[in-house]
Amino acid sequence: MAKMWAGRTSGEVSSIADAFNASIGFDQRMYKEDIEGSIAHAKMLARQHIIEESEADILVEALISIRDDISEGKLSIDETAEDIHMFVEAELTRRVGDVGKKLHTARSRNDQVALDMRMYLKNETDEIIEKTKSLIAALCEKAESYKSAIMPGYTHLQRAQPIMFGHHLLAYAMMLLRDIDRLKDCKKRMNISPIGCCALAGTTYDTDREYEASLLGFDGIAMNSLDGVSDRDFVLELLFDISTEMTHLSRLSEEIILWSSWEFSFIELSDAFTTGSSIMPQKKNSDMAELVRGKTGRVYGDLMGMFTALKGLPLAYNKDMQEDKEGVFDACDTILMSLCVFAPMIESMKVKTENMKKAAQRGFINATDLADYLTKKGMPFRSSYKISGEIVAYCIEHGLVLETLPLSVYKSYSELFEEDLYEDIDLINCANRRNSKGGTSVGSIEEQIRYVKEQLK
C-alpha cells in the first residue's frame, strides 16, 4: 500500500522496518472509534465551510458503509496498511475518489490517534465497571446467604477472632466499590477531546473543536495543543486502576485457593471452574483463581511498561507513544476475562459451613471473650488473660474446645465461672456482640449489604 506521507521522502521503506513500524496488527480494534471520529470531523468541516455540505454527506455515507462492512465481515482490514487510520482513509478514497482526500484537513494522525484511544478506552472503562458490578452483586448475594455462617477470622494467617463468612466476602465488595469509583474518576479526565490539536501546534483553519467534541460525547477539549497530542496520563491512570482491581481479585483468588484446599476445606468450587490432573485422579485444581492471581503480575508489567515508555519523552508526539496501545489493550482484555470468570465462580461455589465452624472452634478464637467474661466479673484483665491462656493450653492437651469443657474444670481455675459462661463464649454470640458499625454481627452485615446494593444503583 502506498504511504500517505510520501512526498518529502520516497515513501519506500525496508520491509523489515515497515513491519516494525506498523501498528495495524493491534490498533485495528479501534476501527469503530476511528470511523466515528472521522464522521464527526467531516460534519465539523462542513459546518465551518471548510468543505462543502455535499462532500461531507458523501464522506459520512462512505464511512458508515466502511464501518458496517468491517463489522459484518464484508471488508477485511488490510494487514499491510501502516495503521487503522491509514487503512480507513485509503479505503475511503478508493470508494469516493478525491473527496476522500479532503477528510484529513485540519487534523493529524497525532490528534486522531489520541482521540481514538480516549474513545476506545472510555468504552472499555464502562465495560469494566459493568463487569465489576456483576461480581459485587455475586459477592453480595453469597454474603446474604451466609451472613450467619461462622468462620475463623485471621491475622498473620493465624486464627484470630470469630467472624461471619458473609462479612469476609463483603470486605472484597467494598474494595471493588472503590475500584469502580477510581474508574469513574479516571473516565472524567479521559473524557477530554484532543481533536483539532493537529500535529502539535493547532491549525490555521477556522475549526470548531467544541462542536466536534460535543458530537463525540466529550465534556470538553484539550486546552493546550502540545499536551493534547502527547498526553497519555489517562492510559497510565487506567492501567493503575486496573492494576489495583487486579490486586483485589488476586487477593480473593488466593483465599479461594486456600479455602478450597483439603487443609482448609471451607468451600468447594464448581467443576465448571476447576481442572484435574493428567496423572493424579483425585485432584481438583482451582486453576481459574490461580490464573487470575498469575495474570495480575502481567497487568503490573503493562503499567510499568507504559511508565517507562513515557518517562523520557520530550514534547510533543514521538513514535514511542505507539507503545501506549498493546499494554493497555492487554490489561483491559485481562481484567475483563478475569471478571467474566470470577462472578459465576463465586455464584456456583459450595460453602462448607460445618468445616468453617469446626475450624473456628479448634482455633480457640473465643479466648478473648473468655477473658472478657472474667473481667466483667471483676477480675483484672491481665489476670483473666493468664487464666484464659492456661485453659486453652489444657484444652489443647486434652483434645477439647472451650465450648465443651466441663464447668467443673473451669471452676478449678476460678470460682467466678458460672453456667452463663457458655452463652458468652458461643461463637455465634461472640460474633454478633461485635455489632459496631462495620463489625461482623448479622445486623451489621445486613446494613453493609444494603449499603453495597445502594451503591450499585
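Residues are numbered from 1 along each chain as its sequence is written, and side-chain values use heavy atoms, with hydrogens and water left out. Because the model is predicted, local features need pLDDT of at least 70 and side-chain atom pairs count only at pLDDT 80 or more, whereas totals for chains, interfaces and linings use all residues.

**Nonpolar cores**

A nonpolar core is a set of buried Ala, Val, Leu, Ile, Met, Phe, Trp, Tyr and Cys residues joined through side-chain atoms within 4.5 Å. Buried denotes under 20% relative accessible area, exposed over 50%, and partly exposed in between (1.4 Å probe, protein chains only). The largest core has 76 residues, of which Leu121 and Phe165 touch the most other members. Beyond its neighbours within four places in sequence, Phe165 is in contact (heavy atoms within 4.5 Å) with Tyr146, Ala149, Met151, Trp259, Ile267, Met349, Val351 and Met356.

**Aromatic rings**

Rings of Phe, Tyr and Trp (its six-membered ring) pair if their centres lie within 6.5 Å; planes under 30 degrees apart count as stacked, over 60 as edge-to-face and the rest as tilted. The structure holds 9 such pairs. One of them joins Phe264 and Phe266 edge-to-face, at 5.4 Å centre to centre and with 80° between the planes. Phe266 is buried, at 1% relative accessibility. Tyr410 and Tyr422 are also paired edge-to-face, with 6.0 Å between centres and 80° between planes. Tyr410 lies in helix α16 (residues 407–413) and Tyr422 in helix α17 (residues 421–425), so this pair ties together parts 12 residues apart in sequence. Helices (H or I, at least four residues) are DSSP runs, numbered from the N terminus. Tyr410 is buried, with a relative accessible area of 0%, and ring pairs link Tyr373, Tyr410, Phe417 and Tyr422 into a cluster.

A charge sits over a ring if NZ of Lys or CZ of Arg is within 6 Å of the ring centre and within 35 degrees of the ring normal. The charged end of Arg47 sits over the ring of Tyr211, 4.1 Å from its centre. Arg382 lies over the face of Tyr385, at 5.3 Å from the ring centre.

**Salt bridges**

A salt bridge is a side-chain nitrogen of Lys or Arg within 4 Å of a carboxyl oxygen of Asp or Glu. The whole structure contains 36 of them, including those tabulated here.

| Salt bridge | Closest N and O atoms |
|---|---|
| Asp69 and Arg95 | 2.9 Å |
| Glu72 and Lys74 | 3.1 Å |
| Arg189 and Glu237 | 2.5 Å |

Arg189, in helix α7 (residues 165–190), and Glu237, in helix α10 (residues 233–259), tie together parts that are 48 residues apart in sequence. Arg189 is partly exposed, at 43% relative accessible area. Both Glu72 and Lys74 are exposed. Asp69, Glu91, Arg94 and Arg95 are linked in a network of salt bridges, and Arg95 is partly exposed at 30% relative accessibility.

**Helix α3**

Helix α3 (residues 31–47) has 17 residues and reaches 24 Å from its first C-alpha to its last. That span is close to the expected 24 Å, which is 1.5 Å times one less than the number of residues. Of its 17 residues, 13 are buried, so α3 is largely enclosed by the rest of the structure. Just after α3, His49 takes a positive phi of about 60°.

Notes. Helix = DSSP H or I, 4+ residues; strand = E, 2+ residues; numbered from the N terminus.
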